[in-house]
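This report describes the structure shown below, beginning with the surroundings of the ligand and then turning to the chain as a whole.

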Amino acid sequence: MGDTFQSLLRLKKKSYQVCLQGKYLRWTEETQDLASRIGQSVCFPVTEIVCAQMGRVETLTPSFGPLAGVNQFTVFHVKRVKREKWILETLLFTAQNSELCHQWVEALQRKIQQYGGNRPRNLLVFINPIGGRGQARKVFQTQIAPLFELAGIKSTVIETTRANQARDHILEKNLQGLDGLLCVGGDGMFSELMHGLIGRTQKETGILENCADSALVPSSLRIGIIPAGSTDCICFATVGTNDPITSALHIIVGDTQPVDVCAVYHARTLLKYSVSLIGYGFYGDVLADSDQYRWMGPCRYNYSGFKMVLLNRSYEGAVEFQLAENPQSSPRDQTRCRTGCLVCSESSERLKEESEELKDKNLKHEDIHDSEWHTVEGTFVAVNITCMCSACSKSPDGLSPTAHLADGTADLILVKKCSMLQFLKHLIRHTNQKDQFDLPFVEVYRIKALKFTARKTVSIKKGFFGRLFSNQPPHSCWNCDGEILHYPSISIKVHCQLVNLFARGIEGGQSSSLFTC
Ligand SMILES: Nc1ncnc2c1ncn2[C@@H]1O[C@H](COP(=O)(O)OP(=O)(O)OP(=O)(O)O)[C@@H](O)[C@H]1O
């Protein structure tokens, strides 16, 4: 029984038979009740233990020193509270003597090392002091740094003084010895880290990042997001909530979630990468319009959104796309991408096999992936592409609720010319349980590549609101994860699992890691 360590311990004034076996810590109440003989057992995986320390340790004490109790030891572990939210739970065990406590702490730490091999030890943290409501510094110092200290994670902190400082640092500076990069901020900060890391990795491996034909290589470093932005869309889609403690605990236990990335090109030259929304028409116009109302803070998006609904603009163009290869997966299939998603796992397997095939046969990515192009021409209120569900607090299921995080596809949503009320109906369905795609003017496809050619739209002063505000411009712009792209004609290619996040996807169905055996 070399793998098992057990003894009698006290917890919350009751005696328990506590057993550490395999991947689990289990405790069973010692009961006098002869009818039931054995009390209820509770167990949870070692992979969700943050650490074990001698004595009674409290996280909020500055130096985490043991407070009292030579015969006590403390176990810190992940506890799920509601939906996807995690908190740090403390268990204070009392043993017969301090020797036994030492043995328990050593046994637990050994198990954490054995099963928690992917935990980071050394992180570089970028704090955006102006992101969201300007709380990033406070969030990190008061809530996150004490957790990292407890878990034995070294973090080097850089507070940014300008936009793109984090991206430039990652592109230029020595990152040796680091296990991951974190941002404390919103989706814009994540985008900086992602651009820096993808760019650096291609440079180091000699791949031409700018060329639309390049098969880009993923980095071994993971990116973590401590949410402190305005929308935190990427946190909602990869963790299920925008709670800073939950994200920190996912980082501490070393979770890994691969994520697909869309590369956006104009004239075959790279413009930007995106993981959530690339939108022409409505979302492009909202972003461009909202820029003049920065003084309103995050409310500017509601104001410009309202204005654009009233204006009811639509734009002419041709959308060409290559459909995804997996016929079993579709944006209308009602499945959800959740932790351990089978569709994404199959893609990981396929990726491995493909890269071996490419190497063996000395082929290019395109040689095994060229497929038919489909075309939809018309006038569109919105052309949206997203490679994750793009959920946020306003839209809990997101733009495309069944989109997968890591299957090498993106969902293309075409909202064709319709009335203001029809478009409003489509938008409102993002906030309730109704299907936003089940409307005659909406089409949705699961794709792997796209080309959009904008046509000049003739300006018509439509209705009362059209005359009140302004004429329609001939083209819209693209909203690429919250940044404006001024080239109306673009192409997009989905790169399967190009970045890895400290996350595990949204946990589905499971409400607690603690369960009775
Ligand atoms: N010190 C700084 N001064 C000005 N801008 C900065 C600074 N540091 C980072 N930025 C830029 O601020 C932008 C917005 O930051 P961030 O994403 O953190 O917050 P947000 O926009 O409020 O949140 P979200 O993107 O979730 O809506 C980013 O694109 C980033 O490049």
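## Surroundings of the ligand

Among the 21 residues around the ligand, those that come nearest are Gly-131, Gly-185, Gly-186, Gly-188 and Gly-229. The model is a predicted one.

Helix α4, spanning residues 187–205, supplies four residues to the shell around the ligand, the largest share. By residue class, the shell comprises 13 polar, four charged and four nonpolar residues.

## Overall organisation

The protein chain contains 12 helices and 22 strands. Of its 517 residues, 42% are buried. Among contacts in the protein chain with a separation of 6 or more, 71% are between residues 24 or more positions apart.

## The largest nonpolar core

In soluble globular proteins, nonpolar side chains tend to be buried together. Here, the largest nonpolar core has 129 residues, of which Val-184, Leu-193, Cys-262 and Leu-412 touch the most other members. The element that gives the most to this core is strand β18 (residues 442–454), with eight residues.

When neighbours within four places in sequence are left aside, Cys-262 is in contact with Tyr-273, Ser-274 and Ile-278, with Ile-385, Cys-387 and Ala-410, and with Ile-492 and Val-494.

## Helix α6

Helix α6 (residues 244–252) is mostly covered, with eight of its nine residues buried. The buried positions are Pro-244, Thr-246, Ser-247, Ala-248, Leu-249, His-250, Ile-251 and Ile-252.

These buried residues of α6 pack against both strands and helices. The strands are β5 (49–54), β6 (72–80), β7 (86–94) and β11 (222–227); the helices are α2 (136–150) and α5 (233–238). After α6 comes Gly-254, which has a positive phi, near 75°.

## Annotated domains

An unreviewed entry lists "domain: PH" at residues 76–113. In the model this span is 42% helix and 37% strand, and its end C-alpha atoms lie 15 Å apart.

The feature "domain: DAGKc", likewise from an unreviewed UniProt entry, is placed at residues 118–268. The span 118–268 is 38% helix and 23% strand, with its end C-alpha atoms 37 Å apart.

Notes: Residues numbered from 1 in each chain as written. Predicted model: local features only at pLDDT ≥ 70, side-chain atom pairs only at ≥ 80, totals over all residues. Core = buried A, V, L, I, M, F, W, Y, C linked by C-beta atoms within 7 Å. Buried ≥ 20, exposed ≤ 12 C-beta atoms within 10 Å, placed from the backbone. Helix = DSSP H or I, 4+ residues; strand = E, 2+ residues; numbered from the N terminus. Contact = placed C-beta atoms within 7 Å. Near = placed C-beta within 6 Å. Nonpolar A, V, L, I, M, F, W, Y, C, P; charged D, E, K, R; others polar. UniProt positions renumbered as here; feature names shortened; annotations may be inferred.
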